[in-house]
Amino acid sequence: MGAWTCPNPSCAYDGQLDEGSNCPLCGAEAEERDFEALGELLKKKWGTRNSKEGKADTKRVMEHMKFCPKCGSPEVFWASGLPQLWSTWECRNCGYRGALVIENIEVAMKLREDFAKEKVNK
Ligand SMILES: [Zn+2]
Ligand SMILES: [Zn+2]
C-alpha cells in the first residue's frame with residue numbers, strides 16, 4: 001500500500017494523485033510510492049520548493065547567522081577596506097573587531113544576556 005504522486009523530485013508538487021493521472025505542475029505520470037519512499041521523495045520536493053521560491057527556512061537561516069562573540073549581537077559584518085584574506089569582523093553594536101564570530105544562536109543569546117548585565121553593573 002502506498003500513495004500515487006508525482007515522482008519528479010525537482011517538481012514541487014507534493015499532493016496525492018489518482019492512478020494513471022499526471023502531475024498538474026510538471027506533467028509527469030503519477031507513480032506509486034510506499035510510505036518510506038514517499039517520505040524521501042517529499043523531502044527532496046520540499047528542498048526544491050524552498051530553493052525555488054526562496055522561502056526563508058528559519059532554522060537554516062539561523063544556522064548561517066553570525067553573532068558578535070563579545071555582545072552576542074547579530075550586527076556583525078566584514079570589516080571594510082581590509083584584504084579578504086583575513087576573516088575580520090566588526091560589530092556594529094559594541095565595536096568588537098576580530099576574526100572570531102559565533103555561529104550558534106544559543107551561545108549568542110547567552111552572551112547577549114551577560115553583556116546586558118555587565119552594562120547595568122557598570
Ligand atoms: Zn510534478
Ligand atoms: Zn558586539
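**Exercise 1. State what share of the contacts in the protein chain with a separation of 6 or more joins residues 24 or more positions apart, and describe the chain as a whole.**

Step 1. Residues 24 or more positions apart account for 42% of these contacts. Two residues are in contact if their C-beta atoms, placed from the backbone, lie within 7 Å.

Step 2. The model is predicted: local features need pLDDT of at least 70, side-chain atom pairs count only at pLDDT 80 or more, and totals for chains, interfaces and linings use all residues. Residues are numbered from 1 along each chain as its sequence is written, while chains are lettered from A and ligands numbered from 1 in the order in which they are written.

Step 3. The protein chain contains three helices and five strands. Helices (H or I, at least four residues) and strands (E, at least two) are DSSP runs, numbered from the N terminus. Their order from the N terminus is β-β-α-α-β-β-β-α.

Step 4. Of the 122 residues, 10% are buried. A residue is buried if 20 or more other C-beta atoms lie within 10 Å of its own, exposed if 12 or fewer, and partly exposed in between, with C-beta atoms placed from the backbone.

**Exercise 2. Determine the strand order of the open sheet and its edge strands.**

Step 1. The three strands follow the order β3-β4-β5, with antiparallel pairing. Two strands pair if DSSP finds at least two bridges between them.

Step 2. The edge strands are β3 (76-78) and β5 (97-98), because each pairs on one side only.

Step 3. Strand β4 (residues 89-91) is joined to β5 by two bridges in the antiparallel sense. Within this pair, tryptophan 89 stands opposite glycine 98 in β5.

**Exercise 3. Classify phenylalanine 67 and glutamate 29 as buried, partly exposed or exposed.**

Step 1. Phenylalanine 67 lies in the loop between α2 (58-63) and β3. It has 24 C-beta neighbours inside 10 Å and therefore counts as buried.

Step 2. Glutamate 29 is found in the loop between β1 (2-5) and β2 (31-34). This residue has 14 such neighbours, so it counts as partly exposed.
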